[in-house]
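My notes follow, entry by entry.

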Amino acid sequence: MFLVALSFAYFAKALSGSYMKSTITQLERRFDIPSYLIGVIDGSFEIGNLLVIAFVSYFGAKLHRPKIIGVGCVLMSIGTFIIALPHFITGRYEFETSVRRGENSTQNQAPCPVGSPADLTQSCEGESNLSMWIYVLLGNVLRGIGETPVQPLGISYIDDFATEENAALYVGCVQTISVVGPVFGYLLGSLCAKIYVDIGFVSMDSITITPADARWVGAWWLGYLIAGVITLLSAIPFWFLPRSLLKDPEKSTAEEKRKETPLWMEKWMKFLPTLRTLLGHQVYLIYLCVTIIQLNSLIGMVTYKPKYIEQHFRQSASKANFLMGVINIPAVALGIFSGGLLMKKMKLNIMEAAKFAFGTSLIGYFLSLIFFAMSCDNAKVAGVTVSYNSMETISYDKHSVFTGCNSDCFCSASDWDPICGDNGITYVSPCLAGCTSSAGSGKNTVFSNCSCIGAAGNFTASTGQCHHTDDCDRMFPYFLALSVITSFIISLGGTPGYMILIRCIKPELKSLALGFHALATRTLAGIPAPIYFGAIIDTTCLKWGQKRCGGIGACRIYNTTAYRVAYLGLTLSLRTISFIICIPGFILLSHQLKKEERNGIHGALANRGAELEALRKDDFVISNLDHSQQTSDNIIDRETQL
């Protein structure tokens, strides 16, 4: 029952975590924030975890572990509900649009207003001074706090009360279930991204944007409510499980005493010298550096991969999340499982495991270089990526969107309400395309008499960006195939790589080594990676959205080439550094193994010498005993004769 409950808790926390990553672009657009702030929100989970991990790990074993895990699940659930809270306390989502109806009229206002620029000012009423994304951050911190006891206390409970031969199987079951969680998390993200954020509160006929639009926000809050309910349900069984599963009361009492009467002061005095010994272990230190750098690369890449698919290959958020859940995550899970199986079948020692992990990572690295060749051209947007006379120029400022054909219109350069002209070029807004009239409503609005579209200016345009069925669409399946192959190959080295950590350290240092490794990777990879990846991605933005009361919002269009180079370049640069550090690591590991082998031979010889010496002593004692026995026998014989 405990195994079932813990597996469900693992599933719930993995589902919530992956759903958070699937909503990155939705949160950016809903709260009008740049990518680096999303990185801060994503990393806040690790911050919450670190706040209480020492306390939970140290004192958790003394308390009722199932109930502590239950409390953690309840906190995770509350945190997940808090993330969804801003949707219910703020107004409806208002995206930038030029399609507005006149007051008390069913007629559309002219896209190209003639008047003074003062007419374009918007009201700031209803705009909250408090940034709503703060609630998302605080909710994620609480999720991190709640998740803390699940793994250490859950695994230690299994280890304490399961039989030795079953413990490994039970832990394997829990880890397998935790891999299934992200699949459902991304699929839930895909489903919610298709649904409009204010579904049920606005007429969908009046919505002029589609899920492929840069302003579209899906029902991000709905997934958090579902994840929160699942997490809350996972807490229930833990309240009915016993503190101990030992049937023998004497054994149980002895177990409690053993946990309640440690020599705290003595342990603390030993802690710092032990930590110094651990950090003085050169192989462990290099392993720690390599994994921290590789995890920076991995976490940054995974966090922004759905966004990369959206921006570079012009796919909807729903499709990007669906592909992550159905293709990428299973490939990683299969790779980790296959790596462990291969290690068992091939009976790899520590050096062979290190070479195997390095080899798979290197093959994945060279395959990843092909992604640079899978390029897509920038979307043709007048005044942003091409000039109004169709000449390519990837430099944007607010003056470049104004030209002779729209000089009669008083347009705002900060608006982003793209329309697709009959000439195949996207215009930032109907006003900047010089359109003087429009007909229809919602997604079916058609703009006409557009002075900037076509030589005579008599072409029409429709809402949304132009979608070019060019080489990019043909390239996308190859990108997915290569992504699956590289994910699988890199994951093959996951288990052998982890075994290096376990085997290169002395048994008495193993527990501290694993704990310090988890702490270091969370602090130096889990928290900073999403932030600086997001900040670098922000530098490739060509056109920022504008908040109603001023200030930069979410990015509307990126420089595709710069985005690809920044995202892939940063990912592969970090892995290059890790490979360079691996070289001295291999040398030191080889020296350590040779030293251990020599010590083993000397030890064996010493033991053999001791055994021979003992045998000689035994022979001497036996011969003395035989001699004394013979003497006593002779005396007895004489006494008998007498």
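Predicted model: local features only at pLDDT ≥ 70, side-chain atom pairs only at ≥ 80, totals over all residues.

**Entry 1: H4 and H5**

I started with helix H4 (residues 65–89) and helix H5 (residues 133–147), whose axes cross at roughly 170° and come within 7 Å. Angles over 145 degrees count as roughly antiparallel, so H4 is roughly antiparallel to H5. I then listed who touches whom. On the H4 side I found, among others, Gly 72, Cys 73, Leu 75, Met 76, Ile 78 and Gly 79. The H5 side includes Tyr 135, Val 136, Gly 139, Asn 140, Leu 142 and Arg 143. Sorted by class, the H4–H5 contact has 13 nonpolar, six polar and two charged residues.

**Entry 2: H11 and H12**

Next I looked up helix H11 (residues 282–313) against helix H12 (residues 317–346). Their axes are 8 Å apart and the packing angle is about 130°. H11 and H12 are therefore oblique to each other. I also checked the hand of the H11–H12 crossing, and it is right-handed. From H11, the contact uses Val 302, Lys 305, Pro 306, Ile 309 and Glu 310. From H12, it uses Ala 317, Ala 320, Asn 321, Met 324 and Asn 328. I get six nonpolar, two polar and two charged residues for the contact of H11 with H12.

**Entry 3: Glu 310**

Leaving aside neighbours within four places in sequence, I see Glu 310 in contact with Thr 25, Arg 29, Gln 315, Ser 316, Ala 317 and Ala 320. Ala 317 and Ala 320 are also on the H12 side of the helix contact.

**Entry 4: the sheet**

Then I turned to the strands. Five of them form an open, antiparallel sheet, in the order S2-S1-S5-S4-S3. Which strands stand at the edges? They are S2 (426–427) and S3 (435–439), each with a single partner strand, so one side of each has no neighbour in the sheet. I followed the S2 end: strand S1 (residues 419–421) pairs with S2 in the antiparallel sense over two bridges. Ile 419 has Tyr 427 of S2 as its bridge partner.

**Entry 5: whole chain**

Last, I stepped back. I count 18 helices and seven strands in the chain. The chain has 642 residues, and 46% of them count as buried. I also looked at contacts between residues at least 6 apart in sequence: 78% of these join residues at least 24 apart.

Technical notes: Residues numbered from 1 in each chain as written. Heavy atoms only, no water. Axes fitted to C-alpha atoms, helices over the stretch in contact; angles between N-to-C directions. Helix = DSSP H or I, 4+ residues; strand = E, 2+ residues; numbered from the N terminus. Parallel < 35°, antiparallel > 145°, perpendicular 65-115°, else oblique. Left-handed = near helix turned anticlockwise from the far one by under 90°. Contact = heavy atoms within 4.5 Å. Nonpolar A, V, L, I, M, F, W, Y, C, P; charged D, E, K, R; others polar. Pairing = 2+ DSSP bridges. Buried < 20%, exposed > 50% of the residue type's maximum accessible area, 1.4 Å probe, protein only.
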